Amino acid sequence: MTLQAIETVPAETGPKEHLVFARSPLILLFLVLLCLPLALAGTLAMPVGPMFWDHYIYLDAANRIFDGQIPSVDFFAPVGGLGYYLFAGWLYVFPKGHPLLLSSWSLLAVTAPLMALIVWNIRKRSAALAYGVLLPFLLFSVLPFNTGDFYPYPGSDGFGIYNRQICQLLYVLSAALVFMRGWKTLAAVTAVAMLGLFFTKITGVAAGTILCLMAFVAGRLSFRAAILAGLGFLASIALLEGSSGAVSAYLSDILSLLAINDSSLLPRLLQAASLNFGIVLSTVLLGLWLFVIGFGRFRADMVAFMAKPGFGRFADIADQPFIWLAAFLIAGLVFESQNTGSQAFIFLWPLLLAILLESYRRCGASRRFAAILVLAMAASLPPAVVVVQKAARAWVGSLSYQALENRNLKNLGAVRARDIVEIRAGRLRSNYLQYRDTYQALATAGELPSFLLYSDFEFQILLLQTMDEAVSALSAFEAANNVRFETVMTIDFTNPFPWLMDRHAPKHIAIGADPYRAVPPADADVRASVGAVDIALYPTCPPTTARQALLNLYEPILAAGHRRITLTPCFDAFVRKALDPKT
């Protein structure tokens with residue numbers, strides 16, 4: 001049993017008139033894409049969710065891009081710039097769209113055309129097979145939810161967006177490598193998918209490389225297709241590097257991240273396997289079963305290769321379903337080892353579908369095939385079930401939630417939450433203010449008020465409320481003192497204030513500022529930029545370990561040219577002395 005046999009899928013006869021839609025999966029893809037602008041024409045209120053603030057990074061990045069800043073060149077970014085540029089483009093076209101939906105769906109500008117090519121290629125042989133590849137892609141692309149659970153209550157997954165996008169790109173690449181015919185088309189799709197992986201997250205291109213190498217050694221990706229795809233990939237990178245220097249700057253940022261995150265790979269691989277234990281176990285068991293029932297063919301290919309070595313016979317050895325599964329599983333573990341939030345292992349489905357088709361052709365409705373079917377479904381169904389369940393719980397439940405009242409948050413404020421969440425946020429705010437020394441002592445000791453603080457809904461709601469107050473206070477300060485803060489910085493994880501106030505973010509400052517994983521030591525450019533900022537905002541409800549670490553990094557730089565004031569009960573500010581009437 002080899003995957004090359006999938007090439008023997010017979011072409012279907014011409015469609016009957018009353019089955020034109022059923023035999024035209026591209027129409028379904030077009031209709032789904034046509035519906036998305038309807039959801040983005042207005043600002044849909046999204047239910048608050050764990051780590052909801054993660055998608056604010058995209059607003060900061062888009063605002064910088066609109067200012068002419070280039071990711072990695074003009075500011076430190078933990079990932080590639082493709083997602084930021086796509087988001088900025090979609091935000092420009094759909095200015096009222098919710099940022100969470102815009103950031104999640106913007107990748108369709110890349111994946112949808114690639115999937116259309118794949119579906120068109122497969123449709124020539126089988127419309128049913130084309131639907132089998134297309135429908136899961138649409139499910140995971142349209143529903144912006146992760147496959148893992150990081151909080152017990154339902155809500156929007158505002159984090160792990162670029163990880164989900166990598167998984168969707170890997171799904172496209174997997175479908176192309178497994179099912180596409182025509183070496184030129186396959187080379188084009190492979191090159192574009194690999195470029196997308198590279199410029200979204202570097203670990204994505206590492207996983208994609210494993211998939212491509214597997215397809216190459218198994219003979220699915222021909223030598224000329226691999227060469228053409230590689231040349232296209234390298235030429236595109238060279239062109240971008242020559243025009244902007246973005247590639248070398250991006251690689252420099254990656255090296256800085258590696259220096260910060262110096263933990264060994266093995267514990268992360270084990271963590272990835274444990275978080276996705278059901279899928280990993282099912283895939284391993286399926287691979288073992290396929291090895292057992294295909295051992296005779298595998299041994300014969302080994303004997304033939306030993307008798308007369310050659311690449312063709314080596315490809316026969318490699319083109320075994322259990323070897324494909326092993327390679328895809330390793331690729332998934334490599335990628336998931338660096339993630340918090342993802343659509344883990346969804347790219348297994350095209351391979352599993354090919355294995356199911358070939359197994360049924362060879363085994364029929366036998367016990368052997370039944371075991372393959374059960375294990376394949378155990379590896380592929382859980383991600384789809386989880387995403388649908390999470391979407392249903394979040395969106396249906398939010399019908400009874402209350403909209404967040406705000407004056408200054410634009411699309412960012414389109415959030416819904418339970419009454420009790422807002423009540424609890426108000427109570428915690430009072431507690432943070434009354435017992436500030438206690439929370440400061442916790443932060444100084446390296447502890448958070450709650451281990452899941454950033455996932456707690458009330459933390460996310462309180463952050464939005466206090467940001468709304470801070471914007472009002474900034475406007476009042478400017479009006480009272482006849483000044484204008486052109487550059488606004490936040491000493492916190494995200495900085496949406498420049499976008500909210502139509503101002504500018506300082507260059508060279510890291511976005512997604514996790515001081516333990518994604519903020520390198522301040523160099524001369526960072527010190528000069530921070531020292532020249534008009535105002536830097538520091539949230540204090542509550543003090544946290546990360547906020548304290550960022551304050552320790554930036555306060556010495558701000559001390560000489562700025563004065564610290566209490567802007568609101570929950571925000572301090574470092575005002576540049578030239579704009580401070582009291583200096």
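Visitor: What makes β2 and strand β3 a pair, and in which sense do they pair?

Guide: Two strands pair if DSSP finds at least two bridges between them. β2 and β3 (residues 415-417) have two bridges, in the antiparallel sense, so they count as a pair. One of the bridge partners is Arg416 in β3, which faces Ala403 in the bridge. In general, strands of a sheet pair through backbone hydrogen bonds, either parallel or antiparallel. Before we go on: this is a predicted model, in which local features need pLDDT of at least 70 and side-chain atom pairs count only at pLDDT 80 or more, while totals for chains, interfaces and linings use all residues. Residues are numbered from 1 along each chain as its sequence is written, and side-chain values use heavy atoms, with hydrogens and water left out.

Visitor: What are the edge strands of this sheet?

Guide: The open sheet has three strands in the order β1-β3-β2, with mixed pairing. Its edge strands are β1 (46-47) and β2 (402-403), each pairing on one side only. Strands (E, at least two residues) and helices (H or I, at least four) are DSSP runs, numbered from the N terminus.

Visitor: Why is Ala546 called buried?

Guide: Buried means under 20% relative accessible area, exposed over 50%, and partly exposed in between (1.4 Å probe, protein chains only). Ala546 has 16%, so it is buried. This residue is found in helix α24 (residues 545-558).

Visitor: Which residues is Ala546 in contact with, beyond its sequence neighbours?

Guide: Contact means heavy atoms within 4.5 Å. Leaving aside neighbours within four places in sequence, Ala546 is in contact with Tyr454, Pro515 and Tyr516. Ala546 and Ala513 are 33 residues apart in sequence, and their C-alpha atoms are 8.8 Å apart in space.

Visitor: Which members of the largest nonpolar core touch the most others?

Guide: A nonpolar core is a set of buried Ala, Val, Leu, Ile, Met, Phe, Trp, Tyr and Cys residues joined through side-chain atoms within 4.5 Å. The largest one has 191 residues, and Ile491 and Tyr554 touch the most other members. Helix α7 gives the largest share of this core, 14 residues. Setting aside neighbours within four places, Ile491 has contacts that include Leu537, Leu550, Tyr554 and Phe574. In soluble globular proteins, nonpolar side chains tend to be buried together.

Visitor: What makes a space a cavity, and how many of 30 Å³ or more are found here?

Guide: On a 1 Å grid over the protein atoms alone, a cavity is a set of points where a 1.4 Å probe fits but cannot get out, whereas a pocket is an open set with protein on both sides within 12 Å along at least five of seven lines; lining residues have an atom within 4 Å of a point. Grid points are joined across faces, edges and corners, and a volume is the space filled by probe spheres set on the points. The search finds five cavities of 30 Å³ or more.

Visitor: What is the volume of the largest pocket, and which residues lie nearest its centre?

Guide: The largest pocket has a volume of about 1500 Å³. Of its 46 lining residues, Asn261, Asn339, Thr340, Asp514 and Arg517 lie nearest the centre. Helix α12 gives the most to this lining, four residues.
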